Amino acid sequence: MKNLKRPFLALSMVSFLCSCGTTPSVAVKKIVPNVFDTAVTIYQNDGNTTCANAVAVEIEGLDNMLDAYHTTNSSYPNIYDINHTNATLTVSQNMADLLTFMLDMQGKTQGYFNPLMGNLTALWKAGLQAEYPYVPAQTLIDQAVADIADTSTNYLEINGTSVTRHGVCTIDVGAVCKGWALKSIEHVFKDNNSTDFIVDGGTSSFLFGYNKNSSEKDGTTKITIDGENGRYMRLKDTGLGTSGTSEQNATIDGVFYSHIVNPFTGSAIPKTKLSGAVGVDPAVCDVLSTTFFLCGLEKTKEFAATFNVGYFYDDGTTFSSGNGLEIYGG
Amino acid sequence: MSVRKMTLLSMMLALAVALGWVESLIPSFWIPGAKPGFANMVILLCLLEFGFLDALLINLGRVLLVGAVTGTIFQMGFYMSAAGAALSMIVMWVCIRFLKKLTIYGDSLLGALAHDFGQLLVGWGILGNAGVFYYFPYMALVSLATGFFVAFVVDRLERTGIIKKALKGAASTSS
Amino acid sequence: MGAKLDAVKHFFKVHTWDLVAVLAVLVGNGAALIYYAVPRTTNVTATIYKEKEAVKVIDLSQVTNEYTFDIEGKYTTMTIGVKHNAIAVLKSGCPNQYCVHQNYVSNVTQPIICSYNQVVISLSANAPVTSIIINGDASV
């Protein structure tokens, strides 16, 4: 039998190999559509479908929590519910944490990030996203700015999970919702022992894990931030927040307006083309990317140092980066 | 070559063409290229009785004539059949000549597998996609049956010695 | 009985290598068929090739509603059906109809091949992502 074993095995292998197709890769890509006014894409490079599905479920839950346009379908009030009453509401712990975080960031960013500018952003959104875009009436803009500045009348009161919205200003989570969602789902990856992932929150907020297929073999994912000039960075195990003028913009009578509104002036005319923050906390990065967009380069450097995040800033003429963030190309 | 031998070979060619044509009428039951292989009986018989070169002539003639008769000449199916027939014949000859431990059944089986493989190789070349080899296990399992059938028929013919008798008749008259 | 046993022994002695070949085919191809049978249907992308060139790529994992479309094969038109993680050739003018009889496929090991029209529908699992592009090129 010994002298039959080799030819038998050889023939079997030949027979088997003739039939094999390509060995498939294992990555899972899951798109969660219609959340946070955009879509979230989960790239589960390690093929962990269970994890990707769990993340998707949490994202949908968070979208419901952060929805400013429809009342909630869960037991706790959402942003819409808070924005439509001045009564004291009992919210979920996550919501309470978010609102506390927003108030904290308002203080630390010297007001460039303002949780209660919902009325102002709604005005501009209605104008810029209309079928025939228009600029909102200056009187309405001025009133909205004045309301925001009147912090004795318009403020959020948070006691544990009890939240009271005082005054007429409404909460706007647009500058933080995606980053907060990414921060909230981090535990799902840990719970599922998953480290090789990328979460794309509408191409403006990201969460990166350790990329085992990295071309540089160092776990980093290549992020191209300026294809025209070939600028890119490499990130791993970090969050990224970006703000730019490429989406949700409109040109009216030759003037370019972006969706990012200055809470101090009420203006939507940008002085920045693209800004971003890189750090451990994706929620902080999301807030800071908008803050950098509004505050200019000098304050960007200051805030980046305070929060210990890397930054990049492009005003359309000069590209800057710093605080430990390495940008290649350009 | 004697006239008798030439006549015999011509009859073999005609038989191969006829069997090939009949085979083309049989559907392949959703496995592309899976055919009974009737014409391979003639080729195997030729290899055993006449040798490689004569079998090659018969095979070549068979492929061209069946292609012409069925109207598939110089189309993709024709090239696949030709490649399969060529590879099958070469493998059977190698088995007969060098792998003496295999009987006619083993020769026929390996020839059938080689036929499948040759077809798929050409398919790969034309379509540019190795996915064609997906069909190989199914074709191979069918080849087990068809290879056995071909070998059985040829084995029975060999035992009757009909070809040898016909050639012997040629030898006795060719002096 | 003794004669029968001798006959069986003789059979195995004469056909040992033939049986080895048969067994090898059964084992090798059996293993291949088992390999095919293992489902690999999550996150599949279909690439449609016509005469070796890729003419369409569809991420089947993102398809929510079924739809159909036509493509021109080398000789006839083919109707392709697409649904979540599956694709099929619904209609073809080819003579053998092998491609149509395969129905919907979703396993990455199983291509749909219409050799008459020189069309191949090849399925692949989504590859790991190693780079991202952020858009940021509107005017200031």
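Me: Which residues touch the most other members of the largest nonpolar core?
Reply: The model is predicted; local features need pLDDT of at least 70, side-chain atom pairs count only at pLDDT 80 or more, and totals for chains, interfaces and linings use all residues. Residues are numbered from 1 along each chain as its sequence is written, while chains are lettered from A and ligands numbered from 1 in the order in which they are written. A nonpolar core is a set of buried Ala, Val, Leu, Ile, Met, Phe, Trp, Tyr and Cys residues joined through C-beta atoms within 7 Å. Among the 164 residues of this one, those touching the most other members are Leu288(A), Val309(A), Val42(B) and Ile43(B).

Me: Which helix gives this core its largest share?
Reply: Helices (H or I, at least four residues) and strands (E, at least two) are DSSP runs, numbered from the N terminus. Eleven core residues come from one helix of chain B. That largest share belongs to H5, residues 104-127.

Me: Which residues is Leu288(A) in contact with, leaving aside neighbours within four places in sequence?
Reply: Contact means C-beta atoms, placed from the backbone, within 7 Å. On that basis the partners of Leu288(A) are Gly241(A), Ala277(A), Phe303(A), Phe307(A) and Val309(A).

Me: How many residues of strand E6 of chain A are buried?
Reply: A residue is buried if 20 or more other C-beta atoms lie within 10 Å of its own, exposed if 12 or fewer, and partly exposed in between; C-beta atoms are placed from the backbone. In a regular strand the side chains alternate between the two faces of the sheet. On E6(A), Phe197(A), Val199(A) and Gly201(A) cover one side, with Ile198(A) and Asp200(A) on the other. The strand (residues 197-201) is largely enclosed by the rest of the structure, because its buried residues number five of the five.

Me: Which residue of E6(A) is the bridge partner of Tyr43(A)?
Reply: Strands pair if DSSP finds at least two bridges between them. E2(A), residues 38-44, pairs with E6(A) in the antiparallel sense over five bridges. Within E6(A), the partner of Tyr43(A) is Ile198(A).

Me: Which residue in the turn between E6(A) and E7(A) has a positive phi?
Reply: E6(A) and E7(A), residues 205-208, pair antiparallel over four bridges. Gly201(A) stands opposite Ser205(A). Three residues separate the strands of this hairpin, and the one with a positive phi of about 60 degrees is Gly202(A).

Methods:
Two residues are in contact if their C-beta atoms, placed from the backbone, lie within 7 Å.
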